Structures are given as structure tokens and as C-alpha cells.
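The sequence and the coordinates come first, and the description follows.

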Amino acid sequence: MKRFSYHRADSVADAVQALCATPDARIVAGGTNLVDLMKYGVETPSALVDVTRIASLNGIDDTDEGGLRIGALVPNRTVAEDERVAARFPLLASAILAGATPQLRNAATTGGNLNQRTRCYYFYDTKTPCNKREPGSGCPAIGGVNRLHAILGASEHCIATHPSDMCVALAALGAEIRVEGPNGPRRIRFADYHRLPGDAPERDNTLQPGEIIEAVLLPPEAEAFAGHHSYLKLRDRLSYAFALVSVAAALDIREGRIVAARLALGGVAHKPWRREEAEAALVGSPADEAAFAAAATQLLEGAQGHEHNTFKIELARRAILRALGQAAAGTPQSQTDKRIA
Amino acid sequence: MPAHAIVGTQTVPIEITLNGKRRSLEVSPVTTLLDLLRNHLDLTGTKKGCDHGQCGACTVLIDGQRINSCLQLAVMQDGKSITTIEGLAQDGRLHPLQAAFIEHDAFQCGYCTPGQICSAVALIEEGHTTSREEIREFMSGNLCRCGAYTNIVDAIEDVVGRRRQPVQEAAE
């Protein structure tokens, strides 16, 4: 690991100041992704800003708007096991439990989960070019080994995927992110947080220099999906593997008709993949296979496979149907019993 | 020194409670908790497998939580209480899980065993032990390349059952 300066921040303002003073500094909290990347030489910050002692970044609290505020430092496991999250936003708890391992979920934080980097093999391998790691050097995943890679929203510069399960649920629930920075606080819609690669794949998200995530906000209207949701994750082994395709499905069904729907995909794009047209296609319909198929077609419009992942297009279509069926039936996918009902 | 001072690449003083004993240490910011334990404190029970958080051999308990020590920086552990495999036996008696692993032959080469046992100690505290499927899922962060999984689950189930028994007897 390359040597670095260590800065233990005692407040958000202090952390922001430290980030502004050292532009290549990185925030460290759970360490599960950043320390790993530093060992590989993919991340080589000259300074780390330890934010784990900042009390205001802790806690899960009810908001004035009637939702929940999850502090950036709250570990993934704490979110998944929180009674309010389980009762009001069970899709989020389920998605978190679909990812990583108990040890990693104990250490990994809410803010860190958002900011984790792709697990593209070429991004990790400093012996190969990678536009995300070294802008302009090329993308060997295009024409290379690309089983884990994107089928939607990719560019000629990068076909990496965002690896998070938690973020797929947060996208579906319409969360917001509260950040603090040199120009004061602001709130970012979840859909606007992560980026598509375009011609700047080195930028994963829209966080500006010196900004730090303070909290994730869950809106009260997303509680309407607590009765009909499912997080279905398909992968090469049943535990502790990144998604080939995952689906977060959430429905609000009244008198047999869908009055609101949310649908997001993981493992298929540079960000959780959501398209409002697909959700609109469900609204007003009975919760049946015809409606689900129409939504799947909308959500996967324009999907394009590569040498090793074209199968993901049909896999995603079927997973969408299955997850919506599970959600409609009120029988969400178990993250312990991996049989798909 | 204020809490937020840039300390550069020099060593940083930390205080931790390690297996019940207070320790004052000087650590370099680049040193992981795993390397601190093994290379600086001669606590070699905690194993380095992949060194990337993928195998679980380095699992220790930090403030009672199971954590991959290979991905933790030692400098960030200031004030924490850390328990390693060396700290589980009490008064010369093996921890029930250590005894159960021996009884059930829950290992072959033994390299993953300290991590498996530390992980299982936390698993039982967490309570994710209602079925073999649940135990397997919640032990998925600990790989065993010898494939002793069946006996590892047996050992954990045995300890879970023994912990339940006294409660049942008391209820009767």
C-alpha cells in the first residue's frame, strides 16, 4: 500500500476542509472497498480522512417529512436489522441482506455503499488499460471478458456496472442523498446521484470536490410499497457474489389494480437502472403477467449484450416477471432460502 | 495534538483493549489490523488468507462485531475492544465453539478455523441460527477450501442447542 497521511476528522466541516485542502484525499469509514483498492494500487490517495468519529453521521431517525434519515456511517447490517426499516421499507432490508457477507455488512457503511467502485476485473488489474482508472487508456472489457458487465446505458469508453444491491433498492424507493460541501448542504435525488459512463467513466457519481455524504433520506410515500415488494438477485453462486442481474420490484395494489409501481435493475448498468415509462406502464393495470411483460419490455428497451453477457437480456426479462409476481403475491424472495418461488 | 491534526506518514499512538488487556501502541497509518496482530503483536492465530476480504480467515471481533481484520486500518481502531481467537478460551477452558469444532471434526487443514470460530461466536450472538440454511447463509463470509462445511454447521448447531437447553429446563 502506498503511504498516505491520516487525518481523523472531528466534524463534517473539518472533513470538508481536509478534502478541499488535499484534492486527492479520500474519505475512509468502513474501509471494505477503499482499503482493498489501495492494496491493489487502484486507489493511491495521498491522504485519508477518517470520518468515523463524527457523531452527526450516525443514527437512523424519523424525519419531519415522515420518512427515515439514515446517517452515512450507519453500517449496512444495522440498516437491514432496524425495525423501522424492516416494517416500512422492507425492500431495502432485503436488498442489503442479498449482498456481501455478515463481516462486510458489519463494516460497510451506508455512504460507502453508495460510493463503492465497480468490480470490473480490468478496473482492478493495474497491468491492463481502463478508462475508469486511467482516462483515455482504453476499455479491454469491450471485446474482452465481460460476463459481469453492462447491457444498458454503457458507452464506447466503459461497460462497467455498479455493484451495489442496496443502491438498487434505494433507487426504487426514490431515496434522496443529503451532502455537505464547501458551498453548503444540498439534496440529490437518487436517480441523479450515480452517472452513466459516457465519455467520463472515471466519474462514478455527481458528488462535487470537497463534498461528503451526510445521510440517505427515505421518503414517506415509499412506505406504500411495504406490502408488495421483492428483491430478486441472480448470480453465479448463491451467496457472496455480485449480481448478474438483480431486480427491485415494488407495487402499491388497491382493489386489484396497480396504483403505483417501482422497478429498478442491478448488475446491468453503470447505475441502478430505472425508467419511469416502465413503471407508468404498470399503473392502472391488474397485477398480471401481461402488465409485467410490458414493463419488462420498456425497462429493457435498447439493451445490448457483449460477447459473454448477451444472456443477461433474457435473464433480466424473466427476472423482472418473477420479481413482480413475487411482489404482487406479497411473497418477497427470501435471502436465506435461495429457492426462487 | 488536536483530533483532526494531519499526522502524515509517521506513526500514530492508539489505545485498544486486546483480548481483555489495555494496550498502548504506535502504528503506521498503512498497517492493517491483521498485520498489526500477526506481525507486531505475535498473535498469529488470526490468519491471512486472501488479504482482500473475500475468505474470512482474518475474522476477529471488534466491539463484539465480526469484521475482516485485513480491511481495517489499525490506526482507526483507537478506543476499540478487539477479541481474537487467542482471547476466546477462559481460565484455561476452551470456548464451547472451539470444543465443538474439535468434537465434530469441523476442519481439515485448520487454516480457516480461527476465522470460522470467531465468525460463529458472533453469529450465535446475532441469532441467525434458526435453521441449517440460515447458519450456512450467515457463515458465507468464511470459506473452507477443505470443504468442512457440513461439520462446521454441525458444530455450530450443537453449541446453539446446548445454549437453548438450560433455558428449556428452567422453563420446565
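In this predicted model, Phe123(A) and Tyr124(A) are both buried. For Tyr124(A) the relative accessible area is 14%. The two residues also form an aromatic pair: their ring centres are 6.1 Å apart and their planes stand at 80 degrees, so the pair counts as edge-to-face. A further partner is Tyr40(A), which pairs with Tyr124(A) in an edge-to-face arrangement. Tyr40(A), Phe123(A) and Tyr124(A) together make one aromatic cluster. Over all chains, the structure has 3 aromatic pairs. Two of the pairs are set out below.

| Aromatic pair | Centre to centre | Angle between planes |
|---|---|---|
| Tyr40(A) and Tyr124(A) | 5.2 Å | 85 degrees |
| Phe123(A) and Tyr124(A) | 6.1 Å | 80 degrees |

What does the pair of Tyr40(A) and Tyr124(A) tie together? Tyr40(A) sits in the loop between α2 (34–39) and β3 (47–50) of chain A, while Tyr124(A) belongs to helix α8 (residues 121–124) of that chain, so the pair links parts that are 84 residues apart in sequence.

Chain A also has a helix with several buried residues. In α1 (residues 12–21) of chain A, the buried residues are Val12(A), Asp14(A), Ala15(A), Val16(A), Ala18(A) and Leu19(A). Against which strands do the buried residues of α1(A) pack? Their contacts are with β1 (5–8), β2 (26–28), β3, β6 (176–180) and β8 (212–218) of chain A.

Of these strands, β8(A) is mostly covered, with 7 of its 7 residues buried. Strand β5 (residues 68–71) of chain A runs antiparallel to β8(A) and is joined to it by 4 bridges. Within this pairing, Ile70(A) is opposite Val216(A). β6(A) also pairs with β8(A) in the antiparallel sense, here over 5 bridges. Glu176(A) has Leu217(A) of β8(A) as its bridge partner.

Elsewhere in chain A, three strands form an open sheet in the order β9-β10-β11, with antiparallel pairing. β9 (229–234) and β11 (257–266) are the edge strands; each has a single partner, so one side of each has no neighbour in the sheet. On average, neighbouring strands of this sheet are turned by 15 degrees against each other, direction ignored. β9(A) is joined to β10 (residues 245–254) of chain A by 6 bridges, and the two run antiparallel. Helix α13 (residues 311–329) of chain A lies across β9, β10 and β11, running at about 35 degrees to β10(A).

Chain B is described next. Its secondary structure comes to 5 helices and 5 strands, which follow the pattern β-β-α-β-β-β-α-α-α-α along the sequence. The C-alpha trace of chain B spans about 60 × 35 × 30 Å along its principal axes. Of the 172 residues in chain B, 53% are buried. Among contacts in this chain between residues at least 6 apart in sequence, 54% join residues at least 24 apart.

How many disulfides are there over all chains? The count is 0. Two cysteines of chain B illustrate this result. The sulfur of Cys70(B) has its closest cysteine sulfur, that of Cys58(B), at 3.8 Å, which is too far for a bond, because a disulfide needs the two sulfur atoms within 2.5 Å. Cys144(B) is likewise in no disulfide, and the nearest cysteine sulfur, in Cys112(B), is 4.0 Å away. Cys70(B) is buried, with a relative accessible area of 1%, and Cys144(B) is buried too, at 3%.

The last topic is the contact between the two chains. Chain B contributes 41 residues and chain A contributes 38. Between them, chain B and chain A bury about 3,400 Å², of which 53% is on carbon and sulfur atoms. On the chain B side, Leu71(B), Met76(B) and Glu137(B) supply 19% of the area that chain B buries against chain A, more than any other three residues.

Terms used:
Residues numbered from 1 in each chain as written. Chains lettered and ligands numbered in written order. Predicted model: local features only at pLDDT ≥ 70, side-chain atom pairs only at ≥ 80, totals over all residues. Heavy atoms only, no water. Phe/Tyr/Trp six-rings, centres within 6.5 Å; stacked < 30°, edge-to-face > 60°. Buried < 20%, exposed > 50% of the residue type's maximum accessible area, 1.4 Å probe, protein only. Contact = heavy atoms within 4.5 Å. Pairing = 2+ DSSP bridges. Axes fitted to C-alpha atoms, helices over the stretch in contact; angles between N-to-C directions. Buried area = accessible area lost by both parts, 1.4 Å probe.
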